[in-house]
Amino acid sequence: MKKLAIRYLPIALIILFWEFASRAGLVSQDVLPAFSAVMVRLWELSAGGEMLVHVSASLLRISSGLGLGIIVGSALGFLLAASITAQRLIQPTLTFLYPLPKSALIPVIIIWLGFGNSAQIMVIFLGSLLPIVLGAYNGAKGVENTLVWSARSLGANAIETEYQVIIRAALPDLLAGIRVALALSFVLLISSEMVGAQQGMGFLVAFLGDGGDYAGMFAGAFVISAIGFAADRAYLALYHHLLRYREA
Amino acid sequence: MTNTKIKFENVEFTYIPPSGRPVRALERLSLDVAENEFVSIVGPSGCGKSTLLYLLGGFLPLEHGEITVDGRKVSKPGPDRGIVFQHFALFPWKTVRQNVLYGLERKKMDAAQRDELAQKYIDLVKLTGFEDSWPAQLSGGMKQRVAIARTLVTDPDVLLMDEPFGALDAQTRGILQEELLAIWGLTRKTVLFVTHDVHEAVLLSDRVIVMSARPGRIKSTVNIDLPRPRNSEVTRSQNFASYCDEIWGLVREEALVASGIKT
């Protein structure tokens, strides 16, 4: 209980200072509305059902984009690790794509795919792909020979060994790659919604900001960070559950 | 004389590292191991003793010569040759029981039979009560016991052991050596056992093969004529000491060559 209090004390202090700075006129209320004003606006937007529409649009996009990224990325990573031919074929493209900031692709992809959901999903998919490919690849490459040999001499064939041992042993690295992709997906989701969408949290924040509703804009940003925080916590819980065998 | 179980004929192997010069690990090596025989291989570091085991396991491609088990050529890994590694190689995401069950999953038997058999071997290696533990929760000695049970439960024809006690502390090693002697007395597998430890080789084996420095060849063979069943008592005998001395001398010569002190 005391630990919890110490952990959240700084956050409480920041909120208090925020409220004070705004009310006391240290900063203009137009630029930084008081925390209480933001919460009031948050309540209004939520109660009217507007927030829910945007939250669900965003969640749909991020789960589709990241979901596709996980499926395609891990398949690609394991394939690269297993086959020299695949590695020669695919690696140059990946190496080329790696340093490119995926947000630079947003305008191009919107031109290609239009203003529907598919543009955002594509951006998130592309952005999440590389960390997941790398996680799967490094994990599979790092599997101890003796683990594979043990499985083979216990009667597993090459395919069973791939599924039951290599992919399983690569899981910690793959899961770490997915966590990076998850964080990246949020950035790409919001930035792609700001320019090419009529719905979603990125759109909402940009729209309210343009209209001068700064309290509403802060309320939107608050919801985005709350969702991001919750997603990361939930993911960490899953991560620790799946890898519980390591925590002896 | 009993039947030949394992036969190495003119086996050669060159290890090609990812970068750097190829290393000749084994040169024209021939060796016969009889059925139910316990043979140890000792030699200086880098003499190719483990390579020999990996070739028999089918883990490395054989480039020259032939290896047969019961007259059948070895070409890939198979459950007829069980192996135990120095660093255990347990599946960390499986519990003790699941590790032991792994080799039984592909065998035609029902679940109850599998569980019963797994339990029998878990009991044999004295891990009763640890069935649901993860490997990360076990000590090194316990992990190696799991690995031994996991291999023995599938009833392989031959047992390959690659410095299995090399990563354990002295007391644990002593205990496991005695347990291995007892288990071997029950199962009488043909065993090929690689070790650095001359004392261990003499205690366990019917025959000790001393390998030369790289490229590995057989330098000499010492038959260990000590009564069985054995336990650590045997190490106090005069014969035991003279076997150790003899083999130590042979290994030492090669170790000096390997370290460049003598040619």
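Two residues count as being in contact if their C-beta atoms, placed from the backbone, lie within 7 Å. This is a predicted model, in which local features need pLDDT of at least 70, side-chain atom pairs count only at pLDDT 80 or more, and totals for chains, interfaces and linings use all residues. Residues are numbered from 1 along each chain as its sequence is written, while chains are lettered from A and ligands numbered from 1 in the order in which they are written.

**View 1. Contacts within chain A.** Take the contacts in chain A between residues at least 6 apart in sequence: 72% of them join residues at least 24 apart. Buried residues (20 or more other C-beta atoms within 10 Å of their own, with C-beta atoms placed from the backbone) make up 38% of the 248 residues in chain A.

**View 2. The helices of chain A.** Chain A has 11 helices and zero strands; helices are DSSP runs of H or I with at least four residues, strands are runs of E with at least two, and both are numbered from the N terminus. Why is chain A described as more spread out than a compact globule? Its radius of gyration, taken over C-alpha atoms, is 22 Å, well over the 18 Å that the globule rule gives for 248 residues. That rule is 2.2 Å times the number of residues to the power 0.38. The C-alpha trace of chain A spans about 75 × 55 × 30 Å along its principal axes.

**View 3. Where chain A touches chain B.** Here 14 residues come from chain A and 21 residues from chain B. On the chain A side, helix H7 (145-153) and helix H8 (158-169) are the elements that give two or more residues. H7(A) gives the most, with six residues.

Definitions and conventions:
Buried ≥ 20, exposed ≤ 12 C-beta atoms within 10 Å, placed from the backbone.
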